[in-house]
Amino acid sequence: MQQPDEFETLATAAFHGERVAARRLAARAHLTEAQALHQILTLAASQGGLTDLAALLTMRAQARQLDEDRRAARRAQQADQLAQRKAQLAPPQDRWRGWFDGSAHPNPGRIGIGALLCGPGGERIEISRRAGHGNSGEAEYLALTALLEAAVDAGAHDLLLHGDSQVVVNDVNAGGEATGASGLEEHRARVLALMEKVSTSRLHWVPRHRNGDADRLSQQAIEQSPAEEED
């Protein structure tokens, strides 16, 4: 009779159909499931032209190992591809980078702007302040303007910009063409002029969760009390 560990070996080697057949045989012939599985696998070895059960177990163990190696190689390949995609998406560390976000509470309402400017030399400039009243589009534009003004003051160049407002991103990238957002013309003109000063590339849209610092800074500005704002 097989020992518990021997039964586990047989069960691991058996296919699903063989395990089902072994349970049926055990019930019909009043055998233990281990005895029934032994018989089923011995028969499978014979039908497969193998010398004995041990040969079947060895063959299937090798097949399982080969399959596991293939899965591991596939996982490694997928992980490598993911790492490559992340590296491609990650902003280069040898250039200036900026993130912006503007909030209007309510909409329209009081505006809070937030921006983060990072330089290749470890520079880090945070902007968080109130910016009057207006709608969300104006808030986003004011945040982007503040970011670009800080970039000009810091002597930044080749600036890579990120924002989660599709309205502003598309409007800026339209460059004043007919697709531009109505009512934001003056903001767009100011931003485009500033972008020329820092030789920036096109503005890139990012989802909100990848714009966390700028969002935090804009919300922080909204939460300021009037006294804090004056300070």
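1. Aromatic pairs first: counting rings of Phe, Tyr and Trp (its six-membered ring) as paired if their centres lie within 6.5 Å, with planes under 30 degrees apart stacked, over 60 edge-to-face and the rest tilted, the tally is 0. Keep in mind that this is a predicted model, where local features need pLDDT of at least 70, side-chain atom pairs count only at pLDDT 80 or more, and totals for chains, interfaces and linings use all residues. Residues are numbered from 1 along each chain as its sequence is written, and side-chain values use heavy atoms, with hydrogens and water left out.

2. Phe-15 does have a charge over its ring: the charged end of Arg-60 sits there, 3.8 Å from the ring centre. The test here is NZ of Lys or CZ of Arg within 6 Å of the ring centre and within 35 degrees of the ring normal.

3. On to the sheet. It is open and mixed, with 5 strands in the order β3-β2-β1-β4-β5; strands are DSSP runs of E, at least two residues, helices are runs of H or I, at least four, and both are numbered from the N terminus. Two strands pair if DSSP finds at least two bridges between them. The edges are β3 (124-134) and β5 (204-205), each pairing on one side only.

4. Strand β2 (residues 109-118) runs antiparallel to β3, joined by 9 bridges. Cys-118 stands opposite Arg-124 in β3.

5. Helix α5 (residues 136-154) lies across β1 (97-105), β2, β3 and β4 (160-163), at about 35° to β2. Contact means heavy atoms within 4.5 Å; axes are lines fitted to C-alpha atoms, for helices over the stretch in contact, with angles from 0 to 180 degrees between N-to-C directions.

6. Some backbone spots to look at. Most residues other than glycine have a negative phi, and most peptide bonds are trans. His-30, in the loop between α2 (16-29) and α3, has a positive phi of about 55° and counts as exposed at 72% relative accessibility. Asp-158, in the loop between α5 and β4, has phi near 50° and is partly exposed at 34%.

7. Where are the cis peptide bonds from His-105 to Pro-106 and from Asn-107 to Pro-108? Pro-106 is in the loop between β1 and β2, and Pro-108 is found in the loop between β1 and β2 too. Omega is near -15° for the bond from His-105 to Pro-106 and near 0° for the bond from Asn-107 to Pro-108.

Notes: Buried < 20%, exposed > 50% of the residue type's maximum accessible area, 1.4 Å probe, protein only.
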